[in-house]
Amino acid sequence: MIKDPHATAAALLPLVGGPANVTSVAHCMTRLRLGLADRSRVDDEALRAVPGVLGVVEDGASYQVVLGPGVVGRVTAAFEALLAAGGTRTADDRADGDWRNGDGEAGGKTAGADDASVTPAVTPAADTTVAPAADTADALARRGAELKARQKARNATPLKTVLRRVADIFVPLIPALIGCGIVAGIAGLLTNLRWLPGLTPALTALSSAFMALIAVFVGHNTAREFGGTPVLGGAVAAVVVYPGVAKVTAFGTALAPGQGGVLGALAAAVLGTYVEKWCRARLPGTLDVLLTPTLTVLVSGLLTLYVLMYAAGEVATAIGTAADWLLTSTGALAGLILGGLFLPLVMLGLHQALIPIHTTLIEQQGHTVLLPVLAMAGAGQVGAAAAVYVRLRHDTSLRTTIRSALPAGLLGVGEPLIYGVSLPLGRPFLTACVGGAAGGAFVGLFAMLGTEVGATAIGPSGWALFPLLAGGGWAVTAGVYGGGLLTGYAVGFLATYFFGLPDGAGRPVCDPEKHEPRPADRPGPRPASPR
């Protein structure tokens with residue numbers, strides 16, 4: 001738990017190379033996202049050791065420090081304040097140009113770009129005789145880093161790049177989605193209880209206004225992400241939600257305000273960005289100021305009205321229909337598959353493609369029915385980590401890692417557990433997927449029986465999703481979702497306890513008489529037999 005965000009920010013800044021090395025700062029639900037001029041100036045191990053840091057991630061152009069929900073916003077604000085002040089250096093630091101930590105120790109140990117990882121902060125064990133150095137939590141963290149680096153190199157494809165950029169468009173919108181979602185839940189609760197009838201219309205207006213104009217924000221972020229002028233992207237996308245489009249006919253059908261939703265806005269802004277770049281590359285400076293914005297809005301706007309809105313509307317309608325059919329007709333099977341495969345999707349980076357789908361469902365139906373099912377993957381991960389904690393009771397270093405990462409896992413921040421515990425160990429990752437599949441099947445079964453569980457916003461998971469639940473009455477919905485979490489915990493725990501670790505993994509890792517390590521009793525790769 002971070003008690004002083006300013007102290008945390010002050011500890012992080014020198015470890016990422018100081019103010020001169022930071023080119024951009026942003027944050028999402030759980031991570032401080034930094035643009036860095038020189039990746040080699042980052043001290044990964046020291047960052048992981050900072051109290052309150054749950055892990056680090058290198059994803060494309062950004063370096064991300066996992067801090068957890070609620071905390072990351074305060075640390076980001078303090079970090080930006082330090083940047084604005086130019087950071088703090090001692091006289092000795094100015095003389096030799098090295099950034100140092102608060103204890104005056106050099107923090108110049110560099111890590112190459114191949115150290116891409118998501119690993120929890122590791123606290124060294126006090127008793128070094130308990131576990132061999134080769135299989136302490138530090139070793140597991142390094143193994144997770146290697147797996148992550150290989151996975152990243154294998155998946156550096158154009159598709160993954162596009163998905164990452166799409167995610168960067170929607171991630172900044174998540175705080176507004178959460179806030180408006182919670183307000184919408186309060187308004188719905190008051191309406192059902194028939195309390196404060198004079199206040200509920202105001203709450204409804206507050207919760208609905210952002211969703212009514214979300215296309216503008218998507219257009220703004222899209223243009224910025226693809227190298228265009230953000231306000232022009234917002235202007236082109238605004239036509240999607242303008243009430244006057246009801247007078248426009250495309251393909252023999254009158255358009256409806258909001259038709260195509262965020263998908264139409266995304267396509268419109270991408271088109272507008274390419275039109276803008278084309279104009280700027282060909283028009284002289286004197287004409288560029290007048291003609292480029294005009295042609296961008298005119299050409300992109302007309303194509304949006306007569307092509308993109310209709311096409312995106314059909315796609316959005318198909319997404320909503322497919323999601324409803326998937327859970328109402330094949331609920332248990334669909335939940336089993338979605339809950340079981342979500343962790344591998346996260347590893348491959350394909351989960352980013354779900355963000356615009358979630359947003360489209362929220363825009364259409366007021367909630368997404370997919371997120372509660374996918375959240376069960378985190379429950380399986382928590383159950384698996386708990387089983388490792390119980391079985392490997394003599395591995396104090398690994399147990400310390402699990403204790404530090406488990407609270408974040410309960411709140412839906414699963415990366416430290418994935419890359420610091422289950423994935424390096426191997427089989428616990430698979431048994432975690434089994435737990436997620438069981439939890440997803442539980443939620444999907446109730447969807448088949450008529451109890452729909454949805455979320456009014458994206459971002460939170462685990463216990464943090466309870467305030468955002470919607471569907472067939474909050475109490476019933478919360479009961480089903482809670483039952484799914486408990487199922488995921490239980491199955492993930494049992495599957496890992498009985499099948500996720502080698503036989504004898506719970507025995508002491510040192511011979512009690514000779515005090516020699518027995519690596520064959522440890523999880524993970526075994527040493528080769530002597531010949």
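**Briefing: helix, surface patch, cores and cysteines**

Helix α12 spans residues 285-348 and contains Leu303. The model is a predicted one.

**Surface patch**
- Leu303 belongs to a nonpolar surface patch, together with Leu287, Val289, Leu290, Leu291, Leu295, Leu298, Val299, Leu302, Tyr306 and Val307.
- The accessible area of these patch residues together is about 920 Å².
- Leu303 has a relative accessible area of 38%, so this residue counts as partly exposed; the class lies between the buried limit of 20% and the exposed limit of 50%.

**Nonpolar cores**
- The largest nonpolar core has 73 residues, and the members that touch the most others are Phe170, Ile214, Val218, Leu465 and Tyr481.
- With eight residues, α12 gives the most to this core.
- Leaving aside residues up to four places away in sequence, Tyr481 touches Pro372, Ala375, Met376, Val453, Ser461, Gly462, Leu465, Phe466 and Leu469.
- There is also a second, separate core of 22 residues, with Ala9, Leu47, Val50 and Val65 included.

**Cysteines**
- A disulfide is a covalent bond between the sulfur atoms of two cysteines.
- The count of disulfides in the model is zero, where a pair would need its cysteine sulfur atoms within 2.5 Å.
- Cys279 has a relative accessible area of 2% and is therefore buried.
- Cys433 is also buried, because its relative accessibility is 11% and the class takes residues under 20%.

Methods. Residues numbered from 1 in each chain as written. Predicted model: local features only at pLDDT ≥ 70, side-chain atom pairs only at ≥ 80, totals over all residues. Heavy atoms only, no water. Buried < 20%, exposed > 50% of the residue type's maximum accessible area, 1.4 Å probe, protein only. Patch = residues over 30% accessible without salt bridge, like charges linked within 9 Å, V, L, I, M, F, W, Y side chains within 5 Å. Areas by Shrake-Rupley, 256 points an atom, 1.4 Å probe, with all protein chains shown as cover. Salt bridge = Lys/Arg side-chain N within 4 Å of Asp/Glu carboxyl O. Helix = DSSP H or I, 4+ residues; strand = E, 2+ residues; numbered from the N terminus. Core = buried A, V, L, I, M, F, W, Y, C linked by side-chain atoms within 4.5 Å. Contact = heavy atoms within 4.5 Å.
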